[in-house]
Amino acid sequence: MKESRRWVTEACHELGRDDLADNAELGISELVTNAILHGSPPIQVRVRGTRRHPRIEVLDGSFDPPVSNQAMTEEDELFATFGRGLAMVAMVSHAWGSDLLDDGKVVWFEPADGPVEEPDLTGQVFSSAPSGHIATPRPGEAPHQVVFSDFPIAVFLDWRRQFRELRRELRLLALAHEGDYPVAGTLTALFERFDAEIREAPGMEELNHAIEQGAATADFTVRLSAEVPEFLTQMRDVLDLADAFCREERLLSVAANEQQVEFRDWFIAQVLRQYDGLEPQPWSGLTTVAPKVR
């Protein structure tokens, strides 16, 4: 507990946001306590968002969404021991919420620089499941078949985790600060469409089966609409730009590593070249996730 408070305080100082340190320390104490009492290991603490709007997050392995005591501000509830944690978080933050992830949940808050007169006791709790539009072939238009050979499953799952993390980052910026980051909403829609198009494409069940079986690689064929190359080209440019923002710390998320970039470039290239009538190229890199560079 002391380590999490100290770490968050130091993070605020490093970001030049000393004005947020007290509320960040109070909020993280409540979230870590909640994770210990009601969550499941492993428990992690991290900072995301931007330097102007940093966001404190606590991740744990439980899928149970957090529940706030919305009577917290009533006089007879002010000294309650249980159920008060999230209400306390609301009292020291501009916004707070929770995402349900593939391997648990993350509870987050954006610390305020002073007392919050009208705290949001409900928060923004939602699932991370994408809701993007899935393109369908026009009448009489045959879907395009794209073949993947030696598809590296572990590398794909690692890249997908990083991609969805970035998509979530943009979504939260659009949700909490649409006026400051108007482009974030547009990018979120593009990210969700990309994820939905690939996730729901006919043929992906072959990959999902290989994942369930614990295979290292897979050979499968997917069928995609004629619109895919256009927005895949957009996605490639946007992902490069997002990585540049992360490296410059304009976004506090971690940029894609070398292997993740290599995989996404290969993935997009396979789609584009086969739409152009060229032969597929099998994956030639590592089939295991490269060690993280610290």
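**Close-up views of a predicted model**

**View 1. A nonpolar surface patch.** Met1, Ile36 and Ile43 make a nonpolar surface patch of about 260 Å². Patch residues have over 30% relative accessible area and no salt bridge; nonpolar side chains (Val, Leu, Ile, Met, Phe, Trp, Tyr) are joined within 5 Å, like charges within 9 Å. A salt bridge puts a side-chain nitrogen of Lys or Arg within 4 Å of a carboxyl oxygen of Asp or Glu. Areas come from the Shrake-Rupley method with a 1.4 Å probe. Ile36 lies in helix α2 (residues 21-38). Ile36 counts as exposed because its relative accessibility is 53%. The cut-offs are under 20% for buried, over 50% for exposed, and in between for partly exposed.

This is a predicted model: local features need pLDDT of at least 70, side-chain atom pairs count only at pLDDT 80 or more, and totals for chains, interfaces and linings use all residues. Residues are numbered from 1 along each chain as its sequence is written, and side-chain values use heavy atoms, without hydrogens and water.

**View 2. Strand β2 and its partners.** Strands are DSSP runs of E, at least two residues; helices are runs of H or I, at least four. In β2 (residues 54-60), seven of seven residues are buried. Strand β1 (residues 44-49) runs antiparallel to β2, joined by six bridges. Pairing needs at least two DSSP bridges. Gly49 has Pro54 as its bridge partner. Four residues separate β1 and β2 in a hairpin. β2 also pairs antiparallel with β4 (residues 104-111), over five bridges. There, Leu59 stands opposite Val106.

**View 3. Two faces of strand β7.** Ala218, Phe220, Val222 and Leu224 point to one face of β7 (residues 217-224) and are buried. Phe151 stands opposite Ala218.

Conventions: Buried < 20%, exposed > 50% of the residue type's maximum accessible area, 1.4 Å probe, protein only.
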